[in-house]
Amino acid sequence: MEQKEIRFIDSNYNELFRIPDGGRIKITFKDGSVTDRKCTYIDDYHTQIGYNTFHICEFAEVMERNGSTYEPTAETLKDMNSKFVDANYSEVDRDKFFKTDSGFTEVYYNPDANAGGQLVYNEISFDLIKEAAKNGKKVQDFFSHLDSGCTQYLIDIDTPEFKGNLDSFMSRKADFENCNAKTMRELKKAAGIVPEKSHTDKDFER
């Protein structure tokens with residue numbers, strides 16, 4: 001059975017987000033106080049929020065009039081995003097390398113994060129690739145050196161930014177994929193190194 005979704009809009013009917021039936025939203029009031037409310041689907045235009053039933057536009061108008069904001073709770077976001085990751089794991093379970101002016105951005109999904117999952121962005125400079133080439137002749141050593149020396153940014157699965165960034169990760173075509181001997185050679189070549197071909201190194205699995 002298809003999961004019913006509750007739409008949340010602004011007073012101009014612009015969609016802000018959706019949550020599954022039974023999900024929760026966090027409401028931040030004008031005075032800075034915060035509460036969260038369970039939401040129950042009634043139909044496409046009505047939902048029960050806490051103990052009160054609203055037309056979705058009526059709720060938006062009340063919130064705007066009171067100077068309040070609303071968004072999915074972290075737990076609701078985590079649940080929604082986890083289900084999306086599970087349904088698309090074959091597309092998510094890969095490392096992607098995107099060339100930049102100063103090197104490469106490596107992006108991958110880490111399922112073992114404390115938050116329950118996260119997107120990892122590694123900013124890898126050409127200088128770091130040269131260092132890794134000197135210090136790591138084997139595939140695993142090479143990529144381990146990149147991991148230890150790069151600048152890293154994380155987006156946790158329970159944040160509003162996660163889904164949009166995951167969509168971008170899945171849809172963008174990478175210059176190279178996965179931590180293997182071929183990618184190592186291409187990274188070295190981009191950094192101005194003529195790599196030696198190897199037929200013995202195994203791919204590096206995270």
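**View 1. Who lines the largest cavity.** Glu-5, Ile-6, Arg-7, Tyr-41, Asp-43, Asp-44, His-46, Thr-47 and Ile-56 line the largest cavity; lining means having an atom within 4 Å of a cavity point. Two or more of these residues come from each of β1 (5-9), β4 (34-43) and β5 (46-49), strands being DSSP E runs of at least two residues, numbered from the N terminus. The top contributor is β1, with three residues. This is a predicted model: local features need pLDDT of at least 70, side-chain atom pairs need 80 or more, and totals for chains, interfaces and linings use all residues. Numbering starts from 1 along each chain as its sequence is written, and side-chain values use heavy atoms, with hydrogens and water left out.

**View 2. The cavity itself.** Its volume is about 30 Å³, and the count is one cavity of 30 Å³ or more. A cavity here is a set of points on a 1 Å grid over the protein atoms alone where a 1.4 Å probe fits but cannot get out. By class, the lining has three nonpolar, two polar and four charged residues; Ala, Val, Leu, Ile, Met, Phe, Trp, Tyr, Cys and Pro count as nonpolar, Asp, Glu, Lys and Arg as charged, and the others, Gly among them, as polar.

**View 3. Helix α4 against helix α5.** The axes of α4 (residues 126-135) and α5 (residues 139-149) come within 8 Å and cross at roughly 140°. That makes the pair oblique. On the α4 side, the contact uses Leu-128, Ile-129, Glu-131, Ala-132, Ala-133 and Asn-135, while α5 supplies Phe-142, His-145, Leu-146 and Gly-149 (heavy atoms within 4.5 Å).

How values were computed
Axes fitted to C-alpha atoms, helices over the stretch in contact; angles between N-to-C directions. Helix = DSSP H or I, 4+ residues; strand = E, 2+ residues; numbered from the N terminus. Parallel < 35°, antiparallel > 145°, perpendicular 65-115°, else oblique. 1 Å grid on protein atoms, 1.4 Å probe; cavity = no way out; pocket = protein on both sides within 12 Å on 5 of 7 lines; lining within 4 Å. Points joined across faces, edges and corners; volume = space filled by probe spheres on them.
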